[in-house]
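Let's walk through this one together, a stop at a time. Have the viewer open and follow along.

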Amino acid sequence: MYAAIRGQWGPAAVVAVVGLFLLVFLVLPVVNVIYVAFQDPNTGALTLINFVDFFRTSLFRESSINSLYVAAMAVVVSSCFALPLAYFTTRFNFKGAILIQTLGIIPLIMPPFVGAVAMLLLLGENGSINLLLDEWFGFTVPFMEGLNGVILVESIHYFPFILINLSAALNNIDRSMEESAQNLGASGLRLFRRIVFPLAMPGYVAGASLVFLKVFDDIGTPLLLNVNNMLAPQAYLRISSIGIADPMGYVISVILVIFSLLALWTSFLALRGKDYATLQKGGGGLMKRDLRPWEKAACYGVVIFILLLVLSPHFGLMLLSFGTIWSFSVLPDGYTTAHYLQVVSSSFQFVSNTLLYAGLAAAIDVCFGTAIAYVVWRTKLIGRQWLDYIAMGAVAIPGVVLGIGYLRTFYEFNVPIIDKPLASWWVIIVVALAIRRMPYALRACTAALQQISVMLEEAAENLGATKARTVRRVVIPLMAGGIVAGFVTSFATAAVELSTTIMLVSQESDAPLAFGIYEFMQSAAGRGPGAALGIVAVVIVGITTYVSHRFIQRKATQRAPAVTVVPGV
Amino acid sequence: MTIVRNVSGILVAALALAVAAVPFSAGAVENKLVIVTSYPPDTTNTVKAAFEKKNPGVKVEMLRKKTTAGIKYLQETAGNNRSDMFWASAPDAFEVLKGDGLLQKYEVKVKGIPQKVGAFPINDPEGYYKGFAASGYGFMWNTRYLKAKKLPVPKTWADLAKPVYHGHVGMSAPSRSGTTHLTVETLLQGMGWAEGWATWKAIAGNFKTVTERSFGVPDGVNSGQFGIGIVIDFFGLSSEASGFPVKFLYPQVTTLVPANIAIVKSAPHPKAAAAFIEFLLSADGQEVLLDPKIRRLPVNPATYAKAPAGFPNPFKDKSIGAAVKFDLELSKNRYNVINSLFDVMVTYRLDDLRAATKAIQNAEATMVGKANAGARKLIDEAKALVAAVPIEAAQAGQADFNNIFKKKRKKATTKVTGRQAEIEQAWDAKVKANYAKAKNLAEKAASMM
C-alpha cells in the first residue's frame, strides 16, 4: 500500500484498489438484494412507489422518530460515561489508567444472546437489582423498559466508541498548546472548555457519530428489549420473516443508509472550516498533573461508579457462566465450573478461528481506513469523498442483508485451486467482517489524520523525502494512536459479530466463537456453556486491547524525550 | 492482461480437477453427509453419535442455522448445492422448500410408523418430507415466578386472558417462528375465525412481550422475565429436564404436528441421506429422542414403552391433540395473511393493545358486585372493538388476496392488485383507532361506577 502512494499515480491506484474492493464486496452484493426496494411488488417494474408507501405508513413514521430520538439521546448519555473516563485517564497521573481504558472497551464486546440474558437477569424487571429493590423498599426501576431502556443499554454498549476515539485525540494534543494557554492565565474548566476539548473535537465527533450511526442502525438491543417500533428492527423483522418477502424491509434498509449518510454529512459540517491540526508533535500528549488527595478520591469515585454501571452486564455474564440454575432469584442457586469444562474441548477451534477472522478483518480495516482517510484529506482526486461515504454506508446495512447478498453473488463462483464456492470459503467471513467493521476503523483513522498538520508532511518533502517515505515515516507514526484505536474497535466488535457470520458459516470447523455461543443458546441446557464461551470471547478481546494500549504507551514514551530537544517547536 | 490469463488458466485447471474428482460410489453409502438443521447441538450431537455408530464410515456434518436462515441458505445455494438434508421442526418451512422445488421425494422402508399423530398426517402426503417426531403446543410457567407473584397455574387458553395474568405472558410472533404460527392457526381453526382472534387478542392484551425468536420464550420463562410462555412442548420439557424451575402443560385445544426431515434436491450424498432417515425412524433412532436434553415425542408408538413415567403419549392419551382437526390446506392458503395480521394487530401495536386491555380489565374490576347496564354496554362495546379483525375469514383464504403477500408470483399471469404495505397501513389505522376508542369507552364505563 505504501509503495503505491507515489507521485500523482499513487493515490489514484489506492483509490482504484479500495474502490474495487468496496464495489465487489459491498455495493454489488447489497444492490443484488435491495434492488427489490425499487421494484413494483406486482409488476417488477422500476418504481418509487415503495418509498411513497414508507412515508404513508404511520408505523414507519413513528419508527423514524423513535430511532432518531433514541440515537440522539444515546449520544448524550454515552458522552456522560465517556468524557470523565477519557479525561481523567489522559489528563492526570492516575494509577490504573491503562486498566481503566481496557475495562472501558469491554462493554463493546457483548456476546450475542448470552449478553442479553445476563443483562435481563441483572437489570430486567425481575432481575437481581429489582428483586432486591422490591424486597427492601417495595419499588422497582424500569431500567430496561421501552425507549428509555433502549437508550440506557445502547449507551452502556456503545460509549466505548467515544472513549477510544476521544482518548486517542486527547493523547494527540501537544502539551505546548496547553502550556501556552496556561501562560496566558487559563486553567481548570476554562482550559478544558476552550483549549483541550476543542482540540480533541475530531476524536469526539468521530466517536459520537459512530455512536449515533450504530444506535440508529442497531438491531440487537431493541429486539432484546422487544421494542420493535424503531426503523432498524422493522427492517430486520420484515426481511427475516418466514414466508413473507415484503419489499418494505429493503426500503427501510435504503432509508437507513440515507439517514446514516446524512448524519455523517452533518458531522462533516460540524468540523468543516476549522483546523484541528497542531504542528507540534513532540510532547507526547497532554501534560499530566498530580491530583490532590480529595480530588483523587472524587475522581476514583466517579470512575468506579461508571465502570460498575457499564460493566454490570459482564458481571452478570460471569455469574451466568459459573452459576448452576439462575431463575427469578438475586443470585444463581449454586456455582460450578462444569460449563467451562464442557466448552474447553470445543473452544480451542472457536478461539483460533475468531482470532484469525477478527484479526485479519481489523488489519484490512485499518489499512483501508488509513488509505481512505489519506486520499480524502490529502489529495484532490475527484469523487474521493464517495469512498468515505460508501465505506461508511456499511454501518447501515443489516448483517442479514450482507449475508444474503454474499450467498447470492458469490455462491456460484468457485474459487480456483480449492474448488469451493467463494461464499462457503472461510475467507469470505473475513471479508464480510472487514466490510461490516470498516466504518469504525475509518472514523478513527480520519480523526487521527485531521489532527496532523499538513505542514509536517510538506516539511518532510522539502527535505527531500518521497511521498511514500513521508507517509511511512511521518504520517503513519503520528496516526498510530488513531490506527490502534481503529484496530481495537474493529477487532473487538468483529470478534462477537453474528448476523452475517451465521449466513456464511458453511462447516463447523470454520465457525467463530459467536457462532458457538449461538449454537449453545438454542437449548435450555446450553445457557451456562454459552455464557462460558461468552466470557472466553470477552477475555480474549480484553487481552488484545490491553496489549494494544501498552503498545501505544510504549510508543508515547519513546516519543516523549523529543520534548527536551525541541520544546514546543 | 497476464493476470487475467493466469486466472483463467487456473480456472481451467481447477475445472479439470473438479471433473476428475467426481466420486463414483454406486451401491455403497457415501462417506459424508451434510445436514442443514435448526436443532441445537444437544440434539444433533446425540443423534449424530448414534447414527455414526450404526453406519461406520459415514461422517455427518451438521450445519446449524435457524430455520429462516436455513431456508434462505438452501434457496441461495441451490445453483451449486452442497447440502444433503434439511432437518427442522416447522412443517411450513418444508412447505416453502417444497414449493420452491428444492426437495426430493423419498420412500421410507422402516415399518411401524402410523399414518397420523393426533389429527395430523405424519408424513407429507406427496412424499417430500417425513415426520420423525411429534410436537404439541401449550404453555410453560416458572414455578418461582407464579409463587412470588401469587398467580394460579393456568389450565386453558381462556385462563391466559384473565386479568390476573396481565403483563405475565410471553409468546413469539407467527411471522418469526413456524411453531408459533401453528399455535395461532390451531386456535383459529379450533374456535373459528372471530372467536379465535378474540381469544388471541384477549391473551395478547396480557402479553409482557412478543419475542423475536421462538427460543426467546423459554429463555424468558427460564430466567423469570415473564411467568408464562406459550411454547412448543420440547422447549418446556427440556427446560424442566435441565433443572429450571418450570413446568409444561398441553391445554385442551392443541394440535400435534410432526417435526420433519427431508432430502435436498440433487443432494451430493443421497444414499447416506437415505440411511439417515431410515435410522431416525428405526427403533434405535426413535429411542434417542427420549434423551433428557432432547425430549421429543417419538412417532413410533412402540418407543413409548421405554419412556420415563409421566412422559406424554399421544398415541394412548387421546386428549392430546385430538380436539382440533387441523386443516393443512387452509393453513397453507392463508399463511402469510395470518402472519401479517398478527404483526399488525399484536406485535407492532402491543402497547396500544395492552393499554386498552388494562382499561377494560380495570372497568370490569370496578363492576364486580354492581349492576350498571350502561357501563356493561360500554365495556362490551370496548371488547368488541379490541376483538375486531379488519378482514373476514373468507377474504383471508382467498388466493388472489394472498398473492399480495408473496413476492414470487407463481405465474406471470397471476393477477395481483394492491401492495402489502398499502393494506397493512389501512389495517393499522383501523386497529389503532379501535384500540384507542376501546380504551376510552372502558375508562368511561369505569367512571360511571
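Helix α15 of chain A (residues 338–378) packs against helix α16 of chain A (residues 384–393) at an angle of about 145 degrees, with the axes 8 Å apart. Helices here are DSSP runs of H or I with at least four residues, numbered from the N terminus; axes are lines fitted to C-alpha atoms over the stretch in contact, and angles run from 0 to 180 degrees between N-to-C directions. α15(A) passes α16(A) in a left-handed crossing (the near helix is turned anticlockwise from the far one by less than a right angle). On the α15(A) side the contact uses I372(A), V375(A) and V376(A), and α16(A) brings R384(A), Q385(A), L387(A), D388(A) and A391(A); residues are in contact if their C-beta atoms, placed from the backbone, lie within 7 Å. Split by class, that gives five nonpolar, one polar and two charged residues (nonpolar: Ala, Val, Leu, Ile, Met, Phe, Trp, Tyr, Cys and Pro; charged: Asp, Glu, Lys and Arg; polar: the others, Gly among them).

A word on the ground rules: this is a predicted model, where local features need pLDDT of at least 70, side-chain atom pairs count only at pLDDT 80 or more, and totals for chains, interfaces and linings use all residues. Residues are numbered from 1 along each chain as its sequence is written, while chains are lettered from A and ligands numbered from 1 in the order in which they are written.

Next, jump to L163(A), which sits in helix α7 of chain A (residues 146–172). L163(A) counts as buried because it has 29 C-beta neighbours inside 10 Å, the cut-off for buried being 20 or more. Beyond its neighbours within four places in sequence, L163(A) touches A82(A), L85(A), A86(A) and G104(A).

Finally, 66 residues of chain B are in contact with 53 residues of chain A. The chain B side has 26 nonpolar, 23 polar and 17 charged residues.

Terms used: Helix = DSSP H or I, 4+ residues; strand = E, 2+ residues; numbered from the N terminus. Contact = placed C-beta atoms within 7 Å. Buried ≥ 20, exposed ≤ 12 C-beta atoms within 10 Å, placed from the backbone.
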